[in-house]
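Got a protein model open and wondering where labels like "buried" or "salt bridge" come from? Let's go through some of them together.

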2 protein chains.
Amino acid sequence: MTYRVGIDFGGTSAKVGLVDNKNRIVVSSSLSTEGFPTPHTFTRKLAGVCREIINGKNVKSLGIGVAGDIDFDRGLIRVSPNLGWKNVPLRNLMQRYFRFRVVLDNDANAAAWGLYKTQVGKHVKNMIAVTLGTGIGGGLILNGQLYRGATGSAGEIGHMTIDERGRRCNCGNRGCLETYAGAFHLIRRVKEDLANGVQSLLQSVYKKDPQAISPLLLSQAARHGDRYAISVWNDVGHVLGLALGNLVYVFNPELIILTGGVSQAGDLILEPLKKTLHRGTFKTPINAVRIQIARNAPHIGLIGASLL
Amino acid sequence: MTYRVGIDFGGTSAKVGLVDNKNRIVVSSSLSTEGFPTPHTFTRKLAGVCREIINGKNVKSLGIGVAGDIDFDRGLIRVSPNLGWKNVPLRNLMQRYFRFRVVLDNDANAAAWGLYKTQVGKHVKNMIAVTLGTGIGGGLILNGQLYRGATGSAGEIGHMTIDERGRRCNCGNRGCLETYAGAFHLIRRVKEDLANGVQSLLQSVYKKDPQAISPLLLSQAARHGDRYAISVWNDVGHVLGLALGNLVYVFNPELIILTGGVSQAGDLILEPLKKTLHRGTFKTPINAVRIQIARNAPHIGLIGASLL
């Protein structure tokens with residue numbers, strides 16, 4: 001039996017897992033970046049954690065997915081805003097500790113590749129994975145391969161402009177997709193509406209604890225018939241329909257797969273999304289695409305990284 | 001010496017050319033669809049025109065680019081609105097007359113491939129060709145190959161939504177890119193403004209002959225300092241900047257090449273386009289892309305088709 005190591009390196013910690021041939025996590029661990037003042041000291045400790053979980057087993061590769069602007073070819077973290085790291089050659093830093101191959105990629109690419117390899121049939125050649133989390137990321141599978149583009153930056157779906165007069169995004173532009181459908185902006189919008197006195201089942205929760213408002217609660221309220229919550233999900237689905245419609249016209253994929261916390265709203269998003277998508281008359285690419293929510297896979301980032 | 005035949009099949013006529021190894025057109029001809037009641041009778045005549053220009057020379061392939069919804073794999077014209085054809089297996093109809101290989105593709109793909117092979121260095125692997133004509137089309141070169149997507153519909157850049165409250169497009173949606181930057185809608189908008197009495201050098205032309213208003217005249221007016229004309233080109237460039245910005249974030253290409261009549265406005269478009277493109281703070285993919293106007297190549301559709 002051979003194994004692969006996957007590392008999902010998020011905002012403040014790295015999840016490490018040993019993954020077997022059947023894409024099951026055999027052992028896992030995690031390491032917080034706190035207490036490690038430099039990437040070098042952190043990497044040394046991370047390599048130690050990997051050695052522990054490998055524990056002498058036959059490992060053929062190690063893949064790392066990191067949130068941020070990643071240079072795949074050079075194995076470089078250009079910028080990771082959450083980590084506060086700039087120009088860190090993480091692949092080479094880690095490679096020094098191991099004989100097997102180490103690769104580094106963007107976390108959205110790792111998740112897209114993981115979904116493609118574990119949840120999607122081989123007949124699908126062109127697929128877009130959309131990660132609906134705090135922000136919105138994306139990964140593109142084209143002709144059966146992960147497509148990275150000129151600088152490894154491809155797939156930044158969250159920063160497509162939906163309405164240039166919209167809300168200001170972290171990226172400096174206005175009205176990016178993630179200002180409508182990313183959890184951060186979505187929850188902020190809901191809290192503003194609740195503060196302004198909108199009628200909703202969520203008011204009682206909000207009055208007790210504003211921090212309790214979450215995409216999950218918003219889904220539950222909608223399923224209980226709360227008109228406000230339903231209208232919010234209709235907006236989210238509609239805007240996703242606009243953005244994915246653009247991608248369908250440009251990429252003509254067979255499959256779009258939605259993942260991440262916000263995607264768990266399921267039909268609350270999918271129905272308005274499909275309604276918007278089917279408005280136009282140029283149907284060939286629209287009829288050719290299936291849109292689905294990924295099966296629940298909390299460790300897909302880690303498993304995907306191991307498959308890179 | 002071996003040759004290739006290229007056919008650029010536009011709204012009402014097909015241009016046919018014999019192309020040599022150096023991508024020069026050696027002989028050419030054209031055939032109007034008028035007077036041929038069915039695709040079959042037209043194809044028979046078209047094959048005859050090809051034979052005439054081939055005139056016994058050593059031809060290795062024939063490529064046809066057609067405006068419309070084309071199924072590349074099956075060699076089928078699904079719909080060509082201009083020709084009024086539906087479900088015409090043009091590749092097989094033509095293949096019956098020749099021993100060498102016949103291929104059929106969308107005209108924007110043919111033009112993109114032609115530009116890639118004749119105007120772009122091999123170091124460019126990922127490129128978007130944007131055809132700014134009456135409408136707006138596009139062709140994608142990814143990893144050095146023409147990317148067609150699941151049904152051969154990829155690259156329909158003109159129908160990306162810029163503002164869903166915008167003008168109604170032929171496709172049934174509102175605010176598609178081509179309602180801002182395609183010549184048809186652009187000229188309609190200018191005529192409306194002129195009819196409403198906007199101050200412009202173009203008023204005298206418009207009063208003599210409204211049909212004389214063209215993208216070329218609009219460029220000339222702008223270069224003479226006409227504020228109205230400059231503001232129109234600023235709008236066009238800005239909207240193209242928004243749309244291409246989305247594509248840069250998603251595709252991360254090395255090159256975007258603009259072609260077609262409207263692109264001849266040159267810097268009048270490029271300057272506002274780049275200004276809009278550089279607004280955001282996520283610079284890696286923006287700094288990696290070069291945006292340029294294609295060198296004048298009136299027969300690029302025909303040459304590109306021959307190279308398919």
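Q: What makes the meeting of Asp71(B) and Arg78(B) a salt bridge?
A: In this predicted model, their side chains come to 3.5 Å, N to O. The cut-off is 4 Å between a side-chain nitrogen of Lys or Arg and a carboxyl oxygen of Asp or Glu, so the pair qualifies. Asp71(B) and Arg78(B) are also both buried.

Q: Why is the pair Asp105(B) and Arg148(B) called a salt bridge?
A: Here the closest N and O atoms are 2.7 Å apart, and the rule asks for within 4 Å, so this one counts too. The pair links distant parts of the chain: Asp105(B) sits in strand S8 of chain B, Arg148(B) in the loop between S11 and H4 of chain B, and 43 residues separate them.

Q: How do you know whether Asp105(B) is buried or exposed?
A: Look at its relative accessible area, which is 1%. Buried means under 20%, so Asp105(B) is buried. Arg148(B), at 18%, also falls under that limit and therefore counts as buried.

Q: Why can we say that the pair Glu164(B) and Arg279(A) joins two chains?
A: First, the bridge itself: the closest N and O atoms of Glu164(B) and Arg279(A) are 3.8 Å apart, which is within 4 Å, so it counts. Glu164(B) lies in a loop of chain B and Arg279(A) in a loop of chain A, so the pair joins two chains.

Q: What makes Glu164(B) "partly exposed"?
A: Its relative accessible area is 29%.

Q: How many salt bridges does the rule find across the interface of chain A and chain B?
A: Four. One of them pairs Arg279(B) with Glu164(A) at 3.9 Å, and since the limit is 4 Å, it passes.

Q: What else tells you about the contact between chain A and chain B?
A: It takes 45 residues from chain A and 45 from chain B. The two chains bury about 3,600 Å² between them, 53% of it on carbon and sulfur atoms.

Conventions: Residues are numbered from 1 along each chain as its sequence is written. Chains are lettered from A and ligands numbered from 1 in the order in which they are written. This is a predicted model: local features need pLDDT of at least 70, side-chain atom pairs count only at pLDDT 80 or more; totals for chains, interfaces and linings use all residues. Side-chain values use heavy atoms; hydrogens and water are left out. Contact means heavy atoms within 4.5 Å. Buried area is the accessible area (1.4 Å probe) that two parts lose on being put together, summed over both. Helices (H or I, at least four residues) and strands (E, at least two) are DSSP runs, numbered from the N terminus. Buried means under 20% relative accessible area, exposed over 50%, partly exposed in between (1.4 Å probe, protein chains only).
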